[in-house]
Amino acid sequence: MLDKLIIIGYSGHAYVVIESALSDFTIVGYCDTKKMDHNPYGIEYLGNERDPNFSFSDDVKFILGIGDNNIRKKICSNLSHRFYFTNVIDRSALVSTSVIIGNGNFINKNVCVNAQARIGNHCILNTGSIVEHECEISHFVHIGPGAVLAGNVKVGECTFVGANSVIKQGVKVGKNVIIGAGSVVIRDVPDNYIVAGNPSKTIKK
């Protein structure tokens, strides 16, 4: 019997999560601040998860269908004591058995996570991204489609790595950083910076 799953948030990113989850979970329904007019998967609206009267059975698990790092963090700060968040890992993803991974993560199609990597909680590893050996990804990080993290890269909490970016081996990226799409990051990036380009340059501190 498949595990039961509730999606929190129901728009673009949630659709991707749902498609990967369908192989391993029974989708019970979705939660959001309101019932959505567009319901491409025909799943039931269960209400607002932040409503104190919202109830669910003990055997249900949750996943966030929200792409924005800070919104995911805010939701989790209010709900993590009530809900059990599970990982959704697409069956096409290749994740080394030596990887240490937290809870509430979404690993999308054709992602590769190699030996001894560490993934925190509530991260998104988007389509075709590569996380090489011994990388450390903190909580609420979003790795964009096709991005490559070479070995021993460290990424801080709530950082966004844009599509098709490359981060050189051994580089440390701070918290709340935004790395523009297609960037090549060859040196450490401090907290709260925005960088872009090849090689990457500071756009905003």
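This briefing covers aromatic pairs and salt bridges in the structure above. The model is predicted: local features need pLDDT of at least 70, side-chain atom pairs count only at pLDDT 80 or more, and totals for chains, interfaces and linings use all residues. Residues are numbered from 1 along each chain as its sequence is written, and side-chain values use heavy atoms, with hydrogens and water left out.

**Aromatic pairs**

- Rings of Phe, Tyr and Trp (its six-membered ring) pair if their centres lie within 6.5 Å; planes under 30 degrees apart are stacked, over 60 edge-to-face, the rest tilted.
- The count comes to 11 aromatic pairs.
- Phe54 and Phe56 are tilted because their planes stand at 35°, with ring centres 5.9 Å apart.
- Phe54 is buried at 9% relative accessibility (buried is under 20% relative accessible area, exposed over 50%, partly exposed in between; 1.4 Å probe, protein chains only).
- Phe56 is partly exposed at 26%.
- Phe83 and Phe85 also form a tilted pair, 6.3 Å centre to centre and 55° between planes; both residues are buried.
- Tyr10, Tyr15, Tyr30, Tyr41 and Tyr45 form one aromatic cluster.

**Salt bridges**

- The structure holds six salt bridges (a side-chain nitrogen of Lys or Arg within 4 Å of a carboxyl oxygen of Asp or Glu).
- Asp59 bridges to Lys4, with the closest N and O atoms 3.3 Å apart.
- Asp59 is partly exposed at 43%, and Lys4 is partly exposed at 34%.
- Arg50 and Glu49 meet at 3.5 Å, N to O.
- Arg50 is partly exposed at 39%, whereas Glu49 is buried at 2%.
- Lys73 pairs with Glu157, the closest N and O atoms being 2.5 Å apart.
- Lys73 is partly exposed at 35%, whereas Glu157 is buried at 19%.
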